[in-house]
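Walk through this model one region at a time. Keep the structure open and follow along.

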Amino acid sequence: MIKIKLLERDIHRNETTFRPFIFAQNILRDIGIEFTDSNDYDFAFVGQASIIDKKKSLKESIDKGLDFISKISGDYIIVDGQDATSLIGTIDVFRESNAKLFLKNCYLNDFDLYKKGWANGRMYWGKGDYSVPDIDELKPKMKLTGCNWLNTVTPKWYDVRTEHKKYDISCMFGYPTKEKVYEHDLCQTDYYDPHRKNLLDTLGDKYKIAGLENGKRIPIEEYYQRMLESRIIMAPLGYGEAAVRDIESAMFGSILVKPDMSSVETKPNIYINNETYVGVKYDWSDLEEKIDEILSDYNHYREKYVENMKKIFVEESNHEKFALHIYEVFKNLEGVGV
């Protein structure tokens, strides 16, 4: 039996990172992997929230992370529950650590992209100063967790008739940002907001849109009701690529439209363009064309996309497959017997 301790499991962001592991803990136990709260463990899992602090400069954040792991007695594995382009800070701690592995929810298919300079590493935000030039040396210890943001929820599939959908498009996302957001001293809002503004400008007043008034939050029941009543759910990229909203689209019987996800590697991967969702260009230049095509024969497209999304999610996002993925990770780790 391999015993794993989830360090600081309840703090913000670590909790969501570790949540899929907790969901699958009974099956993991059956195959020889058990979580423990004691100090008698074989490996500690270190979530990203324990080793990065985005409110600090990158150097200060790295120093804080290295100080945290210096106090760990025994073997440990870094578990980064963020998206493919959010390596900043965590990979920098990993580089200088003795971690056995670096597990992450998503990676870019093309690791050479990490060598280029992007704005805090997010290639869709354009050129910047952050890169990982030694990614080839680090790659052998970098593995997928086998889960992602979609595994943090248990979907409830609603039976919604199309005549109840009174909105063409759901744009139920925060915009504009009320206060500027900084990560490692770089203002994120200057990248985050324009993507959403460009989306809304592209849609204009041609469609009936469900949205938030000046980005103001509303009760969660009302938020979900508006999504439920929308034919299409838009999912612009934020600080990462995948979001719970993506599977909520199928929950509410709506078609997911978001920037193309073909550059991202993750498990489970529900993103099959023109099968489970409609992928568009990041600058929204082909959005109107895609929206008009969907709405021209909505019932046909809805049946195709929603049913495909449900089917793929149910098949790929089960606890057994996730547990077997973790089993294989440990099985291939030198010196570990499972």
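S285 sits in the loop between strand 17 (278-280) and helix 9 (287-296). Helices (H or I, at least four residues) and strands (E, at least two) are DSSP runs, numbered from the N terminus. The model is predicted: local features need pLDDT of at least 70, side-chain atom pairs count only at pLDDT 80 or more, and totals for chains, interfaces and linings use all residues. Residues are numbered from 1 along each chain as its sequence is written, and side-chain values use heavy atoms, with hydrogens and water left out.

S285 has a relative accessible area of 51%, so it is exposed. Exposed means over 50% relative accessible area, buried under 20%, and partly exposed in between (1.4 Å probe, protein chains only). L199 lies 86 residues from S285 in sequence, yet their C-alpha atoms are 9.4 Å apart.

Next, a helix pair. Helix 8 (residues 244-251) packs on helix 10 (residues 298-316) at about 120°, with the axes 8 Å apart. That makes helix 8 oblique to helix 10. Axes are lines fitted to C-alpha atoms, for helices over the stretch in contact, and angles run from 0 to 180 degrees between N-to-C directions. Under 35 degrees counts as roughly parallel, over 145 as roughly antiparallel, 65 to 115 as roughly perpendicular, and the rest as oblique. D246, I247, S249 and A250 of helix 8 meet V306, M309, K310 and F313 of helix 10. Contact means heavy atoms within 4.5 Å.

Now helix 7 (residues 220-228), which holds R226. R226 counts as buried because its relative accessibility is 19%. Leaving out residues up to four places away in sequence, R226 touches Y167, M172, A210, G211, L212 and I218.

Turn to the backbone. Most residues other than glycine have a negative phi, and most peptide bonds are trans. The bond from Y175 to P176 is cis, with omega near 0°. P176 lies in the loop between strand 10 (167-171) and strand 11 (182-183). K267 and P268 are also joined by a cis peptide bond, with omega about -10°.

N120 has a positive phi, near 50°. N120 is buried, with a relative accessible area of 8%. H184 has a positive phi of about 50° and is buried, with a relative accessible area of 8%.
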